[in-house]
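Okay, thanks everyone, I'll keep this short. Have a look at the model on the screen, and then I'll walk you through a pocket, some rings and a pair of strands.

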Amino acid sequence: MSVHTSPLEQPGTGDAGGMNVYISQTATEMARRGVEVEVFTRATSSDQPPLAELAPGVTVRHVPAGPFEPLGRDELPAQLCAFTSGVLRAEAFHEPGYYDLIHSHYWLSGQVGWLARDRWGVPLVHTAHTLAKVKNAALAEGDTPEPRTRVIGEDQVVAEADRLVANTQVEARQLIELYDAPQDMVHAVPPGVDLDRFTPGSQHAARAALGLPQDAVVLAFAGRIQPLKAPDVLLHAAAELLRKRPEVASRLIVLIVGGPSGTGLEQPQALRELAVSLGIERHVRFLPPQPGQALANVFRAADVVAVPSYNESFGLVALEAQACGTPVVAAEVGGLPVAVPHGVSGLLVPSHGAPEWADALASVALRPGRRAELAANAVTHARRFSWQRTTDSLLDIYAQATTAFRRALELRSEVAV
């Protein structure tokens, strides 16, 4: 279940991001192993076919629910009844028992999955990807807190799910401590990285492809443009870096790759306006979201990739950049300390202040020897993660959930007799 975003969408804009990659990669890997996967997502255009193939063995079902247009996440709870009805109708065309298990992604999908689980008599595995209570505790200045509706909805899904999948042990503890999740129901499974696509390559060729000077100092950000992801932190840090190290002014380039999303849609030009107000507009280049190979080129072209988010359940961009041999400077929040071991393949910054970020970025980008050491370690670190390993763990959890669910049904039957 992926109500609010489709794995067919390009990550980096709208609501498409790491979750899309996660669903696409794990579903495809499961299909390679003979597991048929259907992904239910909301139709956002009348031109979308009812069924689309993501990969051999993976079908995406576009379920009509509300208007044929993208809706904000705050508008989607009103469409959950219609979406659930569409999901149940799709199952009704099959013999009972057609679906073996439901894996819901994000709390909106968990609400649908919970109802379908009860109707179909199959276990529900849920991955939150982000948690409202955690996000609200780490809001960017001026950002909008997650509504009470979501907090209540997440509590309900946690209480109803048969298994909960967290991206890291940190997120697992948050589910247990903030949502009273039973400890034995929570499993930490790190996401993977496409090690065939994100590989080390020629920085020279990557810069040539992007039209960047070969002697440039390139700082890159890739992701959705919204306060949570904090690309503004990188711009403030770049301005501070130029103030402290004016000699790099002729070479510094900041790449911002992505599109407005979430509360960032309210002021889609805010980041460009910030660059102007900081006096660094000539150093900043904006690119639209890039598909896989083009994104790998961005990472290879960069001296450092910045991940300054206020919260990340994991941070796939950090892992993808490291797989390309590029060190990462990241905020010390959420799952990023797992994705970026401090001092090994990158640096973690404990604040979002411009001076601290400028120093961290400079200590990597302007020190070739240290950058080379971190880059080599980055590749080694990223290779510890793969979608094959993630899928191995998910299938084990599915098997556990299915066995426990069936046993519970048997016990209830015995009691009834």
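So, the lining of the second largest pocket first: 16 of its residues are nonpolar, four are polar and three are charged. Keep in mind that this is a predicted model. The space in that second largest pocket comes to about 630 Å³. There are 23 lining residues, and the ones closest to the centre are Val35, Glu36, Val37, Glu38 and Leu101.

Which helices and strands supply at least two residues each to that lining? They're helix 1, at 18–32, strand 1, at 37–42, strand 4, at 102–105, and helix 15, at 387–416.

Okay, on to the rings. How many aromatic pairs does the structure hold? Six. One of them is Tyr22 with Trp387, and that pair is edge-to-face, with 5.6 Å centre to centre and 85° between the planes. Tyr22 sits in helix 1 and Trp387 in helix 15, so this pair ties together parts that are 365 residues apart in sequence. And are those two buried or exposed? Both Tyr22 and Trp387 are buried.

Next pair: Tyr99 and Trp120. These two are stacked, at 5.0 Å centre to centre, with 25° between the planes. Tyr99 is in the loop between helix 2 and strand 4, while Trp120 belongs to helix 3, so here the parts being tied together are 21 residues apart in sequence. Tyr99 counts as buried because its relative accessible area is 13%, under the 20% cut-off. Trp120 has a relative accessible area of 13% too, so that one is buried as well. And if you zoom out a bit, Tyr99 and Trp120 form one aromatic cluster with Phe40 and Tyr98.

The charged end of Arg73 is over the ring of Tyr106, 4.9 Å from the ring's centre. Then there's Lys133, lying over the face of Tyr179 at 4.3 Å from the ring centre.

Last stop, strand 12, which covers residues 328–331. Which way do its side chains point? Val328 and Ala330 go one way, Val329 and Ala331 go the other, and all of them are buried. Strand 12 pairs with strand 11, residues 304–307, in the parallel sense, over three bridges. If you want one of the contacts to click on, Ala306 has Val329 in strand 12 as its bridge partner.

That's my tour, over to you.

Notes
Residues are numbered from 1 along each chain as its sequence is written. This is a predicted model: local features need pLDDT of at least 70, side-chain atom pairs count only at pLDDT 80 or more; totals for chains, interfaces and linings use all residues. Side-chain values use heavy atoms; hydrogens and water are left out. On a 1 Å grid over the protein atoms alone, a cavity is a set of points where a 1.4 Å probe fits but cannot get out, and a pocket is an open set with protein on both sides within 12 Å along at least five of seven lines; lining residues have an atom within 4 Å of a point. Grid points are joined across faces, edges and corners, and a volume is the space filled by probe spheres set on the points. Helices (H or I, at least four residues) and strands (E, at least two) are DSSP runs, numbered from the N terminus. Ala, Val, Leu, Ile, Met, Phe, Trp, Tyr, Cys and Pro count as nonpolar, Asp, Glu, Lys and Arg as charged, and the others, Gly among them, as polar. Rings of Phe, Tyr and Trp (its six-membered ring) pair if their centres lie within 6.5 Å; planes under 30 degrees apart count as stacked, over 60 as edge-to-face and the rest as tilted. Buried means under 20% relative accessible area, exposed over 50%, partly exposed in between (1.4 Å probe, protein chains only). A charge sits over a ring if NZ of Lys or CZ of Arg is within 6 Å of the ring centre and within 35 degrees of the ring normal. Two strands pair if DSSP finds at least two bridges between them.
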